[in-house]
Amino acid sequence: KAANTIGLRETWYFGLQIASPTNTAFATEMWVDENKRVTEQIYIPGDNKPVQFYLLVKFYPLKIGDLIQDITRHLFYLQVKDQILSRIIYAPANVCVMLASYALQAKYGDYDPTKHKVGQLGEEPLIPKEVM
């Protein structure tokens with residue numbers, strides 16, 4: 001299992017999603033059923049095109065405090081950040097700025113002019129382009 005490889009114990013929040021090419025011009029995305037073989041659930045093309053799997057959050061807790069493991073919280077953070085940046089999850093501009101400030105605070109700590117230089121963040125995406 002993918003979860004065991006990264007030491008994830010809170011597996012009930014996650015699922016494997018398949019993005020596979022179909023026999024049409026469109027790709028399909030679906031959740032893998034753990035009780036069935038993958039080959040029974042997807043079309044595998046004969047031309048050896050790769051089938052991509054994504055370990056994604058499938059269920060969200062009512063309270064983030066219910067998450068026990070650091071790796072679980074980190075995976076939630078990465079997915080929500082990605083979905084806000086790609087606008088899958090809508091967040092108003094003021095919320096985007098607030099979330100970006102929390103992420104920077106967690107990563108870099110308090111501002112110290114001797115440690116933090118202008119342009120240090122570089123190209124790190126923090127806020128959706130539409131908000132900039």
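Trainee: Why does Trp12 count as exposed?

Mentor: This is a predicted model, mind you. Trp12 has 52% relative accessibility, and exposed means over 50%, so Trp12 counts as exposed.

Trainee: How many aromatic pairs does a search of the whole structure find?

Mentor: Four. One of them joins Trp12 and Tyr13.

Trainee: Why is the pair of Trp12 and Tyr13 called tilted?

Mentor: The ring centres are 5.8 Å apart, and the limit for a pair is within 6.5 Å. The planes meet at 45°; stacked needs under 30 degrees and edge-to-face over 60, so this pair is tilted.

Trainee: What makes the pair of Tyr13 and Phe76 edge-to-face?

Mentor: Again, look at the angle: 85° between the planes, where edge-to-face asks for over 60. The distance is 5.6 Å centre to centre.

Trainee: How do you know that Tyr13 and Phe76 tie together parts that are apart in sequence?

Mentor: Tyr13 sits in the loop between helix H1 (2-5) and strand S1 (14-21), while Phe76 belongs to helix H3 (residues 70-85), so the pair links parts 63 residues apart in sequence.

Trainee: Which residues form the aromatic cluster?

Mentor: Trp12, Tyr13, Phe14, Tyr60 and Phe76 make up one cluster.

Conventions. Residues are numbered from 1 along each chain as its sequence is written. This is a predicted model: local features need pLDDT of at least 70, side-chain atom pairs count only at pLDDT 80 or more; totals for chains, interfaces and linings use all residues. Side-chain values use heavy atoms; hydrogens and water are left out. Rings of Phe, Tyr and Trp (its six-membered ring) pair if their centres lie within 6.5 Å; planes under 30 degrees apart count as stacked, over 60 as edge-to-face and the rest as tilted. Buried means under 20% relative accessible area, exposed over 50%, partly exposed in between (1.4 Å probe, protein chains only). Helices (H or I, at least four residues) and strands (E, at least two) are DSSP runs, numbered from the N terminus.
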